[in-house]
Amino acid sequence: MPQPQFFADSPKEVGLDPAKVQALLDRAEREVKEGLLPSTQVAIARNGKIAAMRTIGSAVQGGINKAATNDTFYVIFSCTKAIISSAIWILLGEAS
């Protein structure tokens with residue numbers, strides 16, 4: 001879990017629309033409740049501050065399935081491809 005100084009007081013503090021952030025978190029929660037995902041961990045940051053962070057669902061931890069928390073570690077494997085491609089799109093946008 002990141003240290004408290006890395007969190008914004010609200011999404012609005014970093015220029016994000018709180019209603020849209022909440023809609024994303026609601027969508028993530030719905031995906032878990034409907035059984036599409038066993039759990040998910042979402043963090044949204046801007047300008048060096050975390051605007052929102054939420055962990056929903058359960059995960060196997062130490063061989064036991066239990067509620068996931070913001071301290072739960074996830075194995076991400078190929079998910080880094082999406083992170084790298086997003087960074088490339090940002091760089092391309094700045095270059096134009």
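Okay, one definition before anything else: when I say accessible area, I mean the Shrake-Rupley kind, with a 1.4 Å probe. With that in hand, the accessible surface of this chain comes to about 7,100 Å², and carbon and sulfur atoms hold 61% of that surface. And please keep in mind that what you're looking at is a predicted model.

We've got 96 residues, and 21% of them count as buried. The C-alpha trace spans about 50 × 30 × 30 Å along its principal axes. There are two helices and three strands, and if you walk from the N terminus, the order is α-β-β-β-α. Of the contacts with a separation of 6 or more, 43% are between residues 24 or more positions apart.

Charges, quickly. I count 10 positive side chains and 9 negative ones, and the centres of those two sets sit 2 Å apart.

Now the inside. Which residues make up the largest nonpolar core? Eight of them: Val21, Leu25, Ala28, Val32, Val42, Ile44, Ala52 and Ile56. The elements putting in two or more residues are helix 1, which is 18-33, strand 1, at 39-46, and strand 2, at 49-61. Helix 1 gives the largest share, with four residues. As a general remark, nonpolar side chains in soluble globular proteins tend to be buried together.

Leaving out anything up to four places away in sequence, Ala52 touches Val21, Leu25, Val42, Ala43 and Ile44.

Over to the strands. Strand 2 runs antiparallel to strand 3, residues 64-67, and four bridges join the two. Where does Ser58 stand? Opposite Ala67, in strand 3. Strands 2 and 3 form a hairpin with two residues between them. Have a look at Gly62 in that turn, by the way: its phi is positive, about 65°.

Last stop, the very start of the chain. Met1 is in the segment before helix 1. What does Met1 touch, once we skip residues up to four places away in sequence? That would be Phe7, Met53, Asn70 and Asp71. And here's a distance for you: Met1 and Ala51 are 50 residues apart along the chain, and their C-alpha atoms are separated by 14 Å.

That's my tour, thanks, everyone.

Conventions. Residues numbered from 1 in each chain as written. Predicted model: local features only at pLDDT ≥ 70, side-chain atom pairs only at ≥ 80, totals over all residues. Heavy atoms only, no water. Core = buried A, V, L, I, M, F, W, Y, C linked by side-chain atoms within 4.5 Å. Buried < 20%, exposed > 50% of the residue type's maximum accessible area, 1.4 Å probe, protein only. Contact = heavy atoms within 4.5 Å. Lys, Arg positive; Asp, Glu negative; His and termini not counted. Charge placed at Lys NZ, Arg CZ, Asp CG, Glu CD. Pairing = 2+ DSSP bridges.
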